[in-house]
Amino acid sequence: MSLEENIARVKENMVRAARAAGRDPAEITLVAATKVQRSDTIRRAIAAGVTVCGENRVQEMTAHLEDDAYAGAALHFIGHLQTNKVRQVVGRVDLIQSVGSEHLLDAIEAQAAKLDLVQDILLEVNIGGELSKSGVAPEAVKPLAQKAISCPHLRLRGLMAIPPVAGQPGANRPFFAKMYQLYVDIRMNLDHNGTVINCLSMGMSDDYEDAVREGATLVRVGTALFGPRPPMRQG
Ligand SMILES: *Cc1c(COP(=O)(O)O)cnc(C)c1O
């Protein structure tokens, strides 16, 4: 199947999953996870209806930005972000989805203050409690969200999660449901200073339909659009 056909099919599946769950399909956006793809491929995806690109690696992203590969789409940073690379990301992307520690939050606030801009962010939650994964523990989400909201150069837009690798179809649904609860909780119980918290980013190629059923507003899909990635450069 071609990239164009894959994009159309994934979008159809998202619409179907949304309707089946009684949700408005317009609330849910496909984020194309473009890691390891070439600039030409990214341009093709955008021409075929991708409206948001998600990048993992600062170096690749910088090269694509120099190429103007994302023209016509929004750009999200979705990968692990080291504090020493914050300078290369803040102000260059529409949303940093992967803010998984207070240390990183502070670094982004400092850089945004330096540039005199407001950076949209999501807090990344380690919903599976995996030692190997970055992200805020579920019980630490609320205090960190409160802090994010008090930072003048950050705009907290919601939450993101990468659940454990699922052994079988449906295995991640309980994690998605837990994420939805956390999301509703910060939406309802924090003083937002007028900020709209409307982003819940979860679901990838194998489970984006389940994520939509459980309340995702952003799904991050790579393989189902672009095909398998070369094993050495996965991540
Ligand atoms: C690569 C990646 C995805 C997409 O993964 P697929 O399984 O290829 O759909 C989603 N989110 C993040 C953070 C990623 O790094």
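Guide: What follows starts with the helix pair, moves to the loops, and then turns to the pocket and three further residues.

The structure is a predicted model, and every value below is computed from it. Two packed helices are described by the angle between their axes and the distance between the axes. The pair here consists of helix H4, residues 102-115, and helix H5, residues 141-150. Their axes come within 11 Å and cross at roughly 5°. An angle under 35 degrees counts as roughly parallel, and H4 and H5 are therefore roughly parallel to each other. On the H4 side the contact is made by Glu102, Leu105 and Asp106. H5 contributes Leu144, Lys147 and Ala148. By class, the residues of this contact divide into three nonpolar and three charged, with no polar residue.

Most residues other than glycine have a negative phi. Asp116 has a positive phi of about 60° although it is not a glycine. Its relative accessibility is 65%, so Asp116 counts as exposed.

Val36 is another residue other than glycine with a positive phi, in this case near 65°. Val36 lies in the loop between strand S1 (29-33) and helix H2 (39-47). The relative accessibility of Val36 is 15%, and because buried means under 20%, Val36 counts as buried.

The next topic is the pocket. Rolling a probe the size of a water molecule over the atoms shows where empty space is left. The largest pocket has a volume of about 790 Å³. Its lining comprises 32 residues, and those nearest its centre are Ile162, Pro163, Val165, Met204 and Arg220. Sorted by class, the lining has eleven nonpolar, 13 polar and eight charged residues.

His76 is found in strand S3, residues 74-77. With a relative accessible area of 7%, His76 is buried. Not counting residues up to four places away in sequence, His76 touches Val31, Val52, Cys53, Gly54, Glu55, Asp94, Leu95, Gln97 and Leu218. The C-alpha atoms of His76 and Asp120 are separated by 9.7 Å, with the two residues 44 apart along the chain.

Glu4 belongs to helix H1, residues 3-20. Its relative accessible area of 33% makes Glu4 partly exposed. Leaving aside neighbours within four places in sequence, Glu4 is in contact with Arg44 and Ala48. Glu4 and Arg44 are 40 residues apart along the chain, and their C-alpha atoms are separated by 8.0 Å.

Arg213 is part of helix H7, residues 208-213. At 34% relative accessibility, Arg213 counts as partly exposed. Its contacts, again leaving aside neighbours within four places in sequence, are with Ala17, Ala21 and Arg173. Between Arg213 and Lys85, which are 128 residues apart along the chain, the C-alpha separation is 35 Å.

How values were computed
Residues numbered from 1 in each chain as written. Predicted model: local features only at pLDDT ≥ 70, side-chain atom pairs only at ≥ 80, totals over all residues. Heavy atoms only, no water. 1 Å grid on protein atoms, 1.4 Å probe; cavity = no way out; pocket = protein on both sides within 12 Å on 5 of 7 lines; lining within 4 Å. Points joined across faces, edges and corners; volume = space filled by probe spheres on them. Nonpolar A, V, L, I, M, F, W, Y, C, P; charged D, E, K, R; others polar. Axes fitted to C-alpha atoms, helices over the stretch in contact; angles between N-to-C directions. Helix = DSSP H or I, 4+ residues; strand = E, 2+ residues; numbered from the N terminus. Parallel < 35°, antiparallel > 145°, perpendicular 65-115°, else oblique. Contact = heavy atoms within 4.5 Å. Buried < 20%, exposed > 50% of the residue type's maximum accessible area, 1.4 Å probe, protein only.
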